[in-house]
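Today I am opening a new model and keeping notes as I go. Here is what I looked up, in the order I looked.

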Amino acid sequence: MKLPRVLNNTPEWTQFSNAELKISLKAATKLVSSLQALSEKNQQVVQTLIADDVFVEWNHYPENDVRDEKNASQYFYHAHPGLQRPFVEHGHFHLFVHAEKIGLRRPDSRYSPAPAHLIAVSMDAQGIPSGFFVVNRWVTKGAWLTKAQCEQGLQHFKIQASKGKKEINTFLLALVQLYRHHISALLEQRDVIMKKLSEKRDRRTVFADPQIEVLCYVPIQLMDDIAALEAAM
């Protein structure tokens, strides 16, 4: 697998208004609280998901995913074999919405079995997020959403407390909120890459090309980023 394009020109907290910084700080507080709640149980995100199961590459954790039908949202965690990982990680979350149910796409029988992919979250073995990435359409088989539709989907993404583990649900929601500007920049780069790849090929063949899997990736340093956020307030 080729290394994906790494997003280097990431947004700086100093670029944003005080109101935006307050939203980000609130998300950071929720995220850290969810990690602390797990820590008090001698757990962390990845460990909690795997629980007593034997960790098997490609398997979904939890089995059959976490699905919230009311909010048309879904996620799961898994890992690829080591040699197939384009960057260092233990595994990653895939976050989805059912685009037709929330009005982002018209019903289409070609895509109805699969939800629309929003973003993937890389995790290290200690249960700390290490980056975000986006994938080509063939990887998850759902409808392809524009940057604006992905952003709407991420704003809509929600898992009720009765579905999945409360701390992990809170962690994911807060993480997406905290890094919303980084994710937006990543989606923008995704579209630039896809446009370039489609200049001399039919876009449908690009979408189906198994040699094009991870389109771009942005690494993060969670605690350093939160410290920088606090300093910008």
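Entry 1: I started at Asn64, which lies in strand E2. Strands here are DSSP runs marked E of at least two residues, helices are runs marked H or I of at least four, and both are numbered from the N terminus. I noted that this is a predicted model, where local features need pLDDT of at least 70, side-chain atom pairs count only at pLDDT 80 or more, and totals for chains, interfaces and linings use all residues. Residues are numbered from 1 along each chain as its sequence is written, and side-chain values use heavy atoms, with hydrogens and water left out.

Phi of Asn64 is near 70°, a positive value in a residue other than glycine. Is Asn64 buried or exposed? I found Asn64 exposed, with a relative accessible area of 54%. (Buried means under 20% relative accessible area, exposed means over 50%, and partly exposed is in between, using a 1.4 Å probe and protein chains only.)

Pro62 lies in strand E2 too. A cis peptide bond joins Tyr61 and Pro62, with omega at about -5°.

**Entry 2: another positive phi.** Asn42 has a phi near 60°, a positive value for a residue other than glycine. I located Asn42 in the loop between H1 and helix H2 (45-50). Asn42 is exposed, at 67% relative accessible area.

**Entry 3: a loop residue.** Ala72 sits in the loop between strand E2 (61-68) and strand E3 (73-78). Its relative accessibility is 3%, so Ala72 counts as buried. Which residues does Ala72 touch, leaving out those up to four places away in sequence? I listed Phe96, Val97, His98, Lys101 and Ile102. (Contact means heavy atoms within 4.5 Å.) I also checked Lys158, which is 86 residues from Ala72 along the chain, and their C-alpha atoms are separated by 8.1 Å.

**Entry 4: H1 and H5.** Helix H1 (residues 18-39) packs against helix H5 (residues 166-178) at about 155°, with axes 8 Å apart. (Axes are lines fitted to C-alpha atoms, for helices over the stretch in contact, and angles run from 0 to 180 degrees between N-to-C directions.) The two helices H1 and H5 are therefore roughly antiparallel. (Angles under 35 degrees count as roughly parallel, over 145 as roughly antiparallel, 65 to 115 as roughly perpendicular and the rest as oblique.) Their contact has 11 nonpolar, four polar and two charged residues. (Ala, Val, Leu, Ile, Met, Phe, Trp, Tyr, Cys and Pro count as nonpolar, Asp, Glu, Lys and Arg as charged, and the others, Gly among them, as polar.)

**Entry 5: H4 and H6.** The axes of helix H4 (residues 147-156) and helix H6 (residues 180-197) come within 9 Å and cross at roughly 150°. That makes H4 roughly antiparallel to H6. The H4 contact with H6 has four nonpolar, one polar and five charged residues.

**Entry 6: the cysteines.** How many disulfides does a search of the whole structure find? I got zero. (A disulfide is a pair of cysteine sulfur atoms within 2.5 Å.) The sulfur of Cys216 is 11 Å from the closest cysteine sulfur, in Cys150, which is too far for a bond. Cys150 is buried, at 0% relative accessible area, and Cys216 is buried at 0% as well.
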